[in-house]
Amino acid sequence: MHLSRFPRVHLAHLPTPLEPMKRLSGELGIDLWIKRDDCTGMSTGGNKTRKLEFLMGEALEHGADMVMTQGATQSNHARQTAAFAAKLGLTCHILLEDRTGYNYANYKGNGNVLLDHLHGATTESFPGGHDMVGEMERAAEKKRAEGHNVYIIPGGGSNPTGALGYVNCALELVAQANDAGLKIDRVVHATGSSGTQAGLVTGLCAMNAGIPVLGIGTRAPQQKQEQMVHDLACKTAEKLGCTGVVRREDVLANTDYVGEGYGLPTDSGIEAIRLFAELEGILLDPVYSAKGAAGLIELARKGTFKGERVVFLHTGGSAGLFGYDFAFDHADRWINL
C-alpha cells in the first residue's frame, strides 16, 4: 500500500513504541504488550494524531485557512485538531456537545477544553442530542460567508481519509513485530467513531497479516458499532484501491463495557485506570481508553486470551483525566504525618 500517494503532514512522533507490560501480564495471566499511541505527540498525543496527518494534509491541499470539527465536551479529537491547526497556522473552530450533563467546573473548563483554548481554537457548546453534523454545516456556511475557506473534519476524524492513519499504523505494527520476531495473536483497543478500528482492519487484511482486531465499544450497541466499522473499512479499502479485502466477519466489537453511556465513567474503567497507573506507570482516560482496557482486563480474567500474545493499542486521552477528577476518591491515599 503506497500511502505517499495521499496528502499528509508529517507531525506525529512515529513509530510509537511497542512494549511489553510485564507486571500487568503477571496480574492477568496473559502475554500483554502495548502499542503506545498515547505517544504520538501534538498536545499530549493520542490516536487522532495519526488521522489528522492525512486530514490536515487534505485540508492544506484544498487551500483551507480554517478547520472545523465537533465532539463531546472533553473531546480528545478536538484538542488534537486544535494543536494541528496551531502548528500549521490555520484557524480552528470546534463545536462541543454536552453528552453527560455534568456541571463540574473542571469538566467544563479543564482538561481537553483548557487545551483547546490554549491552542487558540474558538469553541461553542450545544446541549446533548443535537444534530451536530447539521450544526457544523451551518457554522461552516457562516464562516464561509465571512470569507473563510473552511475544511470540515468529521467527529473523531473518522472518514476514509482519517482512517488512512490507522492503515499506516497496521503497517508499522507488523513491521515492528517482524523486526522483533514477535508473533501477535490479537489486537485490542477502544472503538468509538470507528476510524481507528476501520483503518487497522483494512491495513491488516490488505497485508494478510492474520491478526484479528477486537474493538471494545465506548458508545454504540454491538450491531451498530460493527456496521459502522465495516462500512468505513470498505470505503477505506476502496480509497486504497483494494476493494473487497475486508469481510464482514473481520470486524469484531464487544460493547459490554460502555456502562450508562458515552463519557460516563464506569467502575471497571476506573479499576483499569488504577491498574495501568499503579502497575505500569501508564495513564488512561475515563471516556475511551479506560473502557477499552476494562474489556481487555475482564476478558483476560475470563480466559478469553489464554495462550495468546495480545497487543493493547493505547489511544491516548490522559488530558481528559483533569476534567474527570470528581470520578476518583483519593481519601485512602493520604497519609497524615
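Biologist: What is the order of strands in the open sheet of 6 strands?

Modeller: The order is β1-β2-β10-β7-β8-β9, with mixed pairing. Strands here are DSSP runs of E with at least two residues, helices are runs of H or I with at least four residues, and both are numbered from the N terminus. Two strands count as paired if DSSP finds at least two bridges between them. Please note that this is a predicted model, in which local features need pLDDT of at least 70 and side-chain atom pairs count only at pLDDT 80 or more, while totals for chains, interfaces and linings use all residues. Residues are numbered from 1 along each chain as its sequence is written, and side-chain values use heavy atoms, with hydrogens and water left out.

Biologist: Which strands stand at the edges?

Modeller: Those are β1 (18-20) and β9 (252-254); each has a single partner strand, so one side of each is left without a neighbour in the sheet. From one strand to the next, the twist averages 30°. Axes are lines fitted to C-alpha atoms, for helices over the stretch in contact, and angles run from 0 to 180 degrees between N-to-C directions.

Biologist: How do β1 and β2 pair, parallel or antiparallel?

Modeller: They pair in the antiparallel sense, over 3 bridges. P20 has W33 in β2 as its bridge partner.

Biologist: Which helix packs on the sheet?

Modeller: Helix α8 (residues 195-206) does, touching β7, β8 (213-217), β9 and β10, and its direction makes about 175° with that of β8. Contact means heavy atoms within 4.5 Å.

Biologist: And β10, how many of its residues are buried?

Modeller: In β10 (residues 309-314), 5 of the 6 residues are buried, so the strand is largely enclosed by the rest of the structure. Buried means under 20% relative accessible area, exposed means over 50%, and partly exposed lies in between (1.4 Å probe, protein chains only).

Biologist: Which strands are joined to β10?

Modeller: Strand β2 (residues 31-36) runs parallel to β10 and is joined to it by 6 bridges, with R36 opposite H314. Strand β7 (residues 186-191) is also parallel to β10, through 3 bridges, and V188 has F312 as its bridge partner there.

Biologist: What comes in the segment after β10?

Modeller: G320 is found there. It is buried, with a relative accessible area of 5%. Leaving aside neighbours within four places in sequence, G320 is in contact with Q74 and N112. G320 and S75 are 245 residues apart in sequence, yet 8.0 Å apart in space, C-alpha to C-alpha.

Biologist: Changing topic, what domains does the assignment give?

Modeller: It gives domain 1 (18-46 + 159-327) and domain 2 (48-153); such bounds come from an automatic or database domain assignment. Their C-alpha centres lie 24 Å apart.

Biologist: How many residues are in contact between them?

Modeller: 36 residues of domain 1 are in contact with 26 residues of domain 2. The buried area is about 2,500 Å², with carbon and sulfur atoms giving 57%. M42, S43 and F326 supply 22% of the area that domain 1 buries against domain 2, more than any other three residues. Buried area is the accessible area (1.4 Å probe) that two parts lose on being put together, summed over both.

Biologist: What does UniProt place at K48?

Modeller: An unreviewed UniProt entry places the feature "modified residue: N6-(pyridoxal phosphate)lysine" at K48. UniProt positions follow the numbering used here, feature names are shortened, and annotations may be inferred rather than shown by experiment.

Biologist: Is K48 buried or exposed?

Modeller: K48 counts as buried, at 8% relative accessibility. It lies in helix α2 (residues 48-61). Not counting residues up to four places away in sequence, K48 touches H77, Q80, G156 and S193.
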